[in-house]
Amino acid sequence: MKLSVSGRAATAAVVAVATVLTGGSLAGAAPASGPSVLAAPDIPLANVKAHLNQFQSIATANGGNRAHGRTGYKASLDYVKAKLDAAGFTTTVQQFTASSRIGYNLIADWPGGDPEQVVMAGAHLDSVTSGPGINDNASGSAAVLETALAVSRANLKPVKHLRFAWWGAEELGLIGSRNYVNGLSTADRGRIDGYLNFDMIGSVNPGYFVYDDDPTIEQTFKTYFAGISVPTEIETEGDGRSDHASFKNVGIPVGGLFTGASRVKSAAQAAKWGGTAGRAFDSCYHSSCDTTASINDTALDRNSDAVAYAIWNLSD
């Protein structure tokens, strides 16, 4: 997650309600209050952690990071691409330049589904230069990857077209995702029913935060967490700071999950979620200690399952 913060519009809640009333997004999605039409799979935590271990090994072998323009980033992208190619996805690598270094996005399309109704899920793959970036954001990258692989294992045949993405140069200002969105025609932007963003979903002292941008996507995640008796809060710390902003800024409905960065967990939050009050959600945010040792397995497991739940429900 990048550092700069943009403000939240005061009227967001009113706009969200208006969107629901006018049927403004994700038409045809399963009713948020109703049962899942297709049962989403349990995403194996061991598989997600295996991806994290690979990203950690890549960082260790490449100067301690997986940052934009560095060998660790390209090795991370090659790892993800190889998994997706073997699973039957159509993958595309997009190249761009930022800070005089070559960057890459990876886009993976699952065959089938209505190309006029696209559901996307994505995560940024780059770290900062100061560390391996395992929570920020190998956690989101691994969960999206394992969900994509679960789609393949299930031979899922969704009504809508599924597309997954791993973004470069997010830490420099959302450059990879913005490059992708800016390259879309107006018609192609209109074909994206929703973009789901996963940036930092395994914080060591976690909270459970849900984006409140699109009401259908928001309620889908809330329904999942209610089903496992985990309370959620509206996400505010990362508003405008991750790749969903690139989509939101051109009118594409967005949503996502977050477990917290440098903000401090309150006593009330510790009472409902556990963990330690008075400490940051992620004390290793943008630091060299953002390693596999600084991941909360329970949060990673719950959020990975939530990724799959949303993909299965919103694409049907």
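Reader: Is cysteine 284 buried or exposed?
Author: In this predicted model, cysteine 284 has a relative accessible area of 9%, and since buried means under 20%, cysteine 284 counts as buried.

Reader: And what is cysteine 284 bonded to through its sulfur?
Author: Cysteine 284 forms a disulfide with cysteine 289, with the two sulfur atoms 2.0 Å apart.

Reader: How many disulfides does the structure hold?
Author: The structure holds one disulfide.

Reader: Switching to helix α4, how many of its residues are buried?
Author: Helix α4, which covers residues 134-153, has 20 residues, of which 19 are buried, so the helix is largely enclosed by the rest of the structure. Just after α4 comes asparagine 155, whose phi is positive at about 50 degrees.

Reader: Which residues have the most contacts inside the largest nonpolar core?
Author: That core has 65 residues, and those with the most contacts inside it are Phe55, Val80, Leu84, Phe164, Trp166, Phe198 and Ile311.

Reader: Take phenylalanine 164, then: what is it in contact with, leaving aside neighbours within four places in sequence?
Author: The contacts of phenylalanine 164 on that basis include Phe89, Leu106, Ile107 and Ala121, and also Val144, Thr147, Ala148 and Val151, as well as Ile311.

Notes: Residues numbered from 1 in each chain as written. Predicted model: local features only at pLDDT ≥ 70, side-chain atom pairs only at ≥ 80, totals over all residues. Heavy atoms only, no water. Disulfide = S-S within 2.5 Å. Buried < 20%, exposed > 50% of the residue type's maximum accessible area, 1.4 Å probe, protein only. Helix = DSSP H or I, 4+ residues; strand = E, 2+ residues; numbered from the N terminus. Core = buried A, V, L, I, M, F, W, Y, C linked by side-chain atoms within 4.5 Å. Contact = heavy atoms within 4.5 Å.
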